[in-house]
Amino acid sequence: MKYIDEYRDGHTARVLSERIRDIVTRPWTLMEICGGQTHTIVKSGLESLLPKEITLAHGPGCPVCVTPLELIDKAIAIASRPDVIFTSFGDMLRVPGSSKDLLSVKAEGGNVRMVYSPLDAVKIAQQHPDTKVVFFAVGFETTAPANAMSVWQARKLGLKNFSILCSHVLVPPAMEIILSSPSNMVQGFLAAGHVCTVMGYEEYIPLAEKYKTPIVVTGFEPLDILQGMYMAVKQLEEGRYEVENQYSRSVKREGNVAARKLLAEVFETTNRKWRGVGEIPNSGYKLRESFSDFDAETIFEVAHIETQESPLCIAGTVLQGLKKPHECPAFGVQCTPEHPLGAPMVSSEGACAAYYHYGRMHAQSNLHKAV
Amino acid sequence: MNLISGELVEIYIAEGTTMGKVRVGGAFMRVPLTFLMETKVGDKILMESGVAISKVEVENLQEQ
Ligand code: SF4
């Protein structure tokens, strides 16, 4: 496809990896933030193209993976009600809660539907005025504009039967938690290009300065990622720590101003629990008081539900880049995509699932196959 | 929850909302252009969760 194949070319990938090899003089650890980038790295075998000095850590940027267990349990409690149509992105349906997943609720007779957009859920609410329609609003800043638009539209349409179960998470506070940890190993970040299409990259500038860490806004194709790595390594070798934009074909410094305006109108920041990581201050969105009529957590009185994570799963360590998925004792044994113990094995963007499907720890680039 | 890219082939108004018909491979999607009002037919755009969020500026990777 035009403008995509250009970013998967095997020859250019090797040229870029040579450029990294030419400038690197010492070991560096880089972290890609987003699960989509992790998927590309593992699927394309990019690590095998890198010089041995470069270590990649896979970050917490898979929204399915960081949605806390108790929120899945809240979703299950709401979806099990006979007066509810529960709508969600497909990825969330298979994430295990403490005792079952949303697909099991559907199999038991619950009205659980997969949608591609929260706006589809608004349409369902229009078509079923006597049923409460709930949308499971998870994700990073990239999905937030669509979710904000759904609530805004529902209010414009005067719908009283639409609400969202909201667990939005924000990238910069998670990066700060990683950078401020005493065990931090990350020396340079590839920031998630898609998140920055919405939010821009101004909020990364104080982070780069405070922690003296280069941050390169990076796209999702193999060549984007290699070029992002080159830019980060170049900064590290030159002793610079700036925010640079590799993904300039889609990201502007200020992001999408219209989307940010609606986000500010509908949401406010809140402390948010990240699965496996714990609570991070101001790391999520919740609905503003003026939109509280659309807050499923209040409407269905599920705010009190609290659950404990499985002790076998070390997702928190994996999501902070401190361990690789295959270093988890349960990887591929008790935990597989068919029987996931933790969320990173469920989503295709989860580091554990990506390693299971493509990585298998073999250091061989298969970029030529992607062309 | 991955972004989808496509080419904007038509802009129209439906129920007071500016919408875009977008060619994605061999199929078409219809998405609100509320966050991308400056876009025009022929532009390549990125969509997330059924909403257009970014325009792709065509440029050459080698020049970056
Ligand atoms: S392999 Fe499974 S159990 Fe281990 S960290 Fe990943 S999701 Fe958790």
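Which residue takes a positive phi in the hairpin of E4(B) and E5(B)? Ser49(B) does, with a value near 50°, and the hairpin has two residues between its strands.

This is a predicted model, in which local features need pLDDT of at least 70, side-chain atom pairs count only at pLDDT 80 or more, and totals for chains, interfaces and linings use all residues. Residues are numbered from 1 along each chain as its sequence is written, chains are lettered from A and ligands numbered from 1 in the order in which they are written, and side-chain values use heavy atoms, with hydrogens and water left out.

**View 1. The hairpin of E4(B) and E5(B).** Strands (E, at least two residues) and helices (H or I, at least four) are DSSP runs numbered from the N terminus. Strand E4 (residues 44-48) of chain B pairs with E5(B) in the antiparallel sense over five bridges; two strands pair if DSSP finds at least two bridges between them. Glu48(B) stands opposite Val51(B) in E5(B). Ser49(B), in the loop between E4 and E5 of chain B, is not a glycine, although its phi is positive. Ser49(B) is buried, with a relative accessible area of 7%. Buried means under 20% relative accessible area, exposed over 50%, and partly exposed in between (1.4 Å probe, protein chains only). Strand E5 (residues 51-56) of chain B is mostly covered, with five of its six residues buried.

**View 2. Glu15(B) in a loop of chain B.** Chain B holds zero helices and five strands, and buried residues make up 47% of its 64 residues. Glu15(B) lies between strand E1 (4-14) and strand E2 (17-24) of chain B. Its phi is near 50°, a positive value in a residue other than glycine. Glu15(B) counts as exposed, at 73% relative accessibility.

**View 3. The open sheet of chain A.** Six strands form this sheet in the order E4-E3-E5-E6-E11-E10, with mixed pairing. Strand E4 (111-114) and strand E10 (267-274) of chain A stand at the edges; each has a single partner strand, so one side of each is left without a neighbour in the sheet. On average, neighbouring strands of this sheet are turned by 25° against each other, direction ignored. Axes are lines fitted to C-alpha atoms, for helices over the stretch in contact, and angles run from 0 to 180 degrees between N-to-C directions. Strand E3 (residues 84-88) and strand E5 (residues 132-139) of chain A run parallel and are joined by four bridges. Thr87(A) stands opposite Phe135(A) in E5(A).

**View 4. Strand E1 (residues 28-34) of chain A.** Seven of the seven residues of this strand are buried, so it is largely enclosed by the rest of the structure. E1(A) pairs with strand E2 (residues 54-61) of chain A in the parallel sense over six bridges. The bridge partner of Cys34(A) in E2(A) is Gly61(A).

**View 5. Helix H9 (residues 171-180) of chain A.** The helix is mostly covered, with seven of its 10 residues buried. Among the buried residues are Val171(A), Met175(A), Ile178(A) and Leu179(A).

**View 6. The residues around the ligand.** Among them are Cys313(A), Phe331(A), Gly342(A) and Met345(A); a residue is near a molecule or strand if one of its heavy atoms lies within 4 Å of it. The shell divides into 11 nonpolar residues, one polar and no charged. Ala, Val, Leu, Ile, Met, Phe, Trp, Tyr, Cys and Pro count as nonpolar, Asp, Glu, Lys and Arg as charged, and the others, Gly among them, as polar.
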